[in-house]
Amino acid sequence: MSLNSIFQYFVPKDKKVFFPLFEQAAHNVVAMATILVEAVNTNDNAAREDMFKQIDTLENKGDELTHQIYLELGKNFITPFDREDIHSLATAIDDVADYIQGSANRMLLYNIDEYTESIKKLSELILQGGVELEKAVRELKDLKNVRNIADSCIRINSVENQADYVFDRAVADLFLYEKDALRLIKYKEILAALETATDMCEDAANVMESILVKNA
Amino acid sequence: MSLNSIFQYFVPKDKKVFFPLFEQAAHNVVAMATILVEAVNTNDNAAREDMFKQIDTLENKGDELTHQIYLELGKNFITPFDREDIHSLATAIDDVADYIQGSANRMLLYNIDEYTESIKKLSELILQGGVELEKAVRELKDLKNVRNIADSCIRINSVENQADYVFDRAVADLFLYEKDALRLIKYKEILAALETATDMCEDAANVMESILVKNA
Amino acid sequence: MSLNSIFQYFVPKDKKVFFPLFEQAAHNVVAMATILVEAVNTNDNAAREDMFKQIDTLENKGDELTHQIYLELGKNFITPFDREDIHSLATAIDDVADYIQGSANRMLLYNIDEYTESIKKLSELILQGGVELEKAVRELKDLKNVRNIADSCIRINSVENQADYVFDRAVADLFLYEKDALRLIKYKEILAALETATDMCEDAANVMESILVKNA
C-alpha cells in the first residue's frame, strides 16, 4: 500500500505525462515488429540489412522513451497508477523492444542464409503480441473499457503459448535434423531471442492485469 | 518503509488469504520435484513420458496459484508482510516450478538417451530444496518458530552450493570427454535448467530471511 | 511516493550505516576487476589459477556486504534514499561481482588455452566500469557533486556500449573462423559472461541516475 494509492482518491490524476509516453513506446514496438516481419520475409539481402538498421534506430528511440518515463517517475509526486507498476510496465515494453532488436542483431551477425518457417512464424507472433500490447496500453488512460484491456492480455498470453510451442518444436527439429553444430547453435539462439520477445510481451500483460485488479 | 508496515501494528493481520495459497504453491513444488526424481531414475520410457506430463499439469496448477496470490495482493489493503515480499516470494516459488518443468521439457524434447549421475543428483537436490522450502513456508504464518525457518533457509543455501558444484564439475567433464557437440549442448542445457531451479529456491529463501529480519 | 521520502525532510538521514557498506562493495568490485585484468594478461598458468581463487574469495566477501545491506534495510526505519533504490543498487553491485566471478570460473572450468584480445579488452572495460562505479558511489553520500556522479554514469554507459560492440564482433568472428564447435561454445559463453558484467554495471548506473533525479 503506497501513499500514492491513498492520494489518488483526492488528487486529480495527472495522466498527461505518462500515457503519451507509454503509447509511443508501445507504438514503437509495433513499428519494430512490423519491420522484423518484413525483413524475415524478403529475399533482398540489402533491403533486409537496411531494415535491421531501422530496427536499431527504433530501439534507440524506445530506450529514450523508457528513460523519460523513469525520469518522470522520479519527478512526479502523484502517479496515475502505483509507481512500481509504471516502472514495471515501462521496463517490460522496453524488454520487448530489446529482444526484437537482439533477434535482428543475431540474424545479421550470424550471417544466416535461410529464414526458416519457425523464424517467420515467431516474428509474426511478436507482431500480433505487439499489436495487442498497443491496443491495451491505449485503453489504460481512462479504464473505461476494462474488458478490452483484459481481452488483449488474454490474446497476448495465447500468443506466448503459441510461441513456446513453435520454439520447442523448432529446437527439437534442430537436434533431430541439423548435423552442423555451429548452424544449430546459431538458429537455436535466434529462435530463443524471438521467443523471449513474446515472453516480455506477456510480462507487460501481467503488469496491466495487476493494474486492472488494483483499479477495479 | 511502507504504510503497510505501520498498519500491521494496529490491524489484525489477515493471514487467512495468503498463507494457504503459499502453502499450496510450495507443496506443489515438492510434488513436481518428487515426480522429477522418479522420472530421471526410471528405465521405463513410457512411464517417464507420463511423469513429464504430470509435471506439466502441476506447473499449470502452480501458475494459477501464483496468479491468485497476485490478484489477492491487488485486492487486499492490508497484507501480513510487506507487499513486495509477498510478491517476490510468490514469484520465486513460481520460478522454481518453471525451471523444474523447463528441465523436464528439455529432457523430453531433446530425446536424451541417458540419465546421467549429475542429472539424478541435481534432481535430488531440487527435491531437498523444495522440501525445506515447504517447511519454511508452513512456519511463516505464525512466526513462532523463527529458528526453524532460518534453519531451512540455511539448508536451502547449502543445497544451492552443492548444486553449483555438481553443475560445474559436470560441465567441465562434458567439455573434457563429450566429443559430440550436439550431445554436449543438450546435456549442458538440461543441467543448467536443473541448477537454476535450485537458484530460484535460494531466491525464495532470501525473501523469507528478509521477512524474518523485518518482523523480528 | 514512499513514507520514507516524506520523513527524510524531517529526520536527519542516517548515512553512517549504508554508505560505508556501498563503498566497500564498490571497492570490492574494483579489486576483483583488477585481478581479472591481471589474470587474463599473464602467461603464468599457476599464477592465473591463484588469481581466480582470489576472485572467488572476494566474491564471497561481496556476498556478505550485500547481505549486510539487506539486513540493515530490514532494520532501519529511515533510509537515506528510497528503500527500493538501496535494494536495487546493492543487487546491481552484487551482480557485477557475480559475473566477474562467473567469467573467471568459466575460464578455469573450461580450461581454455588462449586468452584472446576480446577477453582482454572486455576485462579491461569491466575494470573501467568498476572504477567509475566506485567513484560515483563515493559521491552518493553527500550529493554535493551531482555532476561527478552523472559523468561517471555516462562513462559507464559508454563502457557498456563498447563492450556490446566487442562482444558482437568477437561472436561473429567465432562463427566465421572457429570450426571447432566445442571451442566456439566455450569462448562464446566466457565472452557473454564478461559482457554481462558491464550490463550489470550499467544497471547500477541507472539506479544512481534515478536517485539523482529524486533527490535533485
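## Interface of chain A and chain B

In this predicted model, 17 residues of chain A are in contact with 17 residues of chain B. The size of an interface is often expressed as the accessible area that is lost when the parts come together. Between chain A and chain B the buried area is about 1500 Å², and carbon and sulfur atoms give 73% of that area.

One salt bridge is counted between chain A and chain B. The side chains of Lys188(A) and Glu189(B) form this type of contact, with an N to O distance of 2.3 Å. The count of residue pairs in polar contact between chain A and chain B is two, both at pLDDT 80 or more. On the side of chain A that touches chain B, at least two residues each are supplied by α1 (3-7), α6 and α7 (181-214) of chain A. The most is given by α7(A), with seven residues. By residue class, this side of chain A divides into 10 nonpolar and seven charged residues, with no polar ones.

## Interface of chain C and chain B

Chain B is also in contact with chain C: 17 residues of chain C meet 17 residues of chain B. The area buried between chain C and chain B is about 1500 Å², with 73% given by carbon and sulfur atoms.

Across this interface the rule finds one salt bridge. Glu189(C) forms a salt bridge with Lys188(B), and the closest N and O atoms are 2.3 Å apart. Two residue pairs in polar contact, both at pLDDT 80 or more, are found across the interface of chain C and chain B. The helices α1 (3-7), α3 (45-75), α4 (83-109) and α7 (181-214) of chain C each contribute at least two residues to the side of chain C that touches chain B. The largest share of that side, five residues, comes from α7(C). The residues on this side of chain C comprise eight nonpolar, five polar and four charged.

## Aromatic pairs between chains

Over all chains, the rule counts six aromatic pairs. Among them is the pair of Tyr110(A) and Phe175(C), which is tilted, with 4.5 Å from centre to centre and 55° between the planes. Tyr110(A) lies in the loop between α4 (83-109) and α5 (117-139) of chain A, while Phe175(C) lies in helix α6 (residues 146-177) of chain C, so the pair joins two chains. Tyr110(A) and Phe175(C) are both buried.

Phe175(A) and Tyr110(B) also form a tilted aromatic pair, with centres 4.5 Å apart and planes at 55°. Here Phe175(A) belongs to helix α6 (residues 146-177) of chain A and Tyr110(B) to the loop between α4 (83-109) and α5 (117-139) of chain B, so this pair joins two chains. Both Phe175(A) and Tyr110(B) are buried.

## Glu84 of chain B

Glu84(B) is located in helix α4 of chain B. The relative accessible area of Glu84(B) is 47%, so this residue is classed as partly exposed; the class covers values between the 20% limit for buried and the 50% limit for exposed. In sequence, Glu84(B) and Asp151(B) are 67 residues apart, and their C-alpha to C-alpha distance in space is 23 Å.

Methods
Residues numbered from 1 in each chain as written. Chains lettered and ligands numbered in written order. Predicted model: local features only at pLDDT ≥ 70, side-chain atom pairs only at ≥ 80, totals over all residues. Heavy atoms only, no water. Contact = heavy atoms within 4.5 Å. Buried area = accessible area lost by both parts, 1.4 Å probe. Salt bridge = Lys/Arg side-chain N within 4 Å of Asp/Glu carboxyl O. Polar contact = N/O pair within 3.5 Å; in protein donor to acceptor, adjacent residues only side chain to side chain. Helix = DSSP H or I, 4+ residues; strand = E, 2+ residues; numbered from the N terminus. Nonpolar A, V, L, I, M, F, W, Y, C, P; charged D, E, K, R; others polar. Phe/Tyr/Trp six-rings, centres within 6.5 Å; stacked < 30°, edge-to-face > 60°. Buried < 20%, exposed > 50% of the residue type's maximum accessible area, 1.4 Å probe, protein only.
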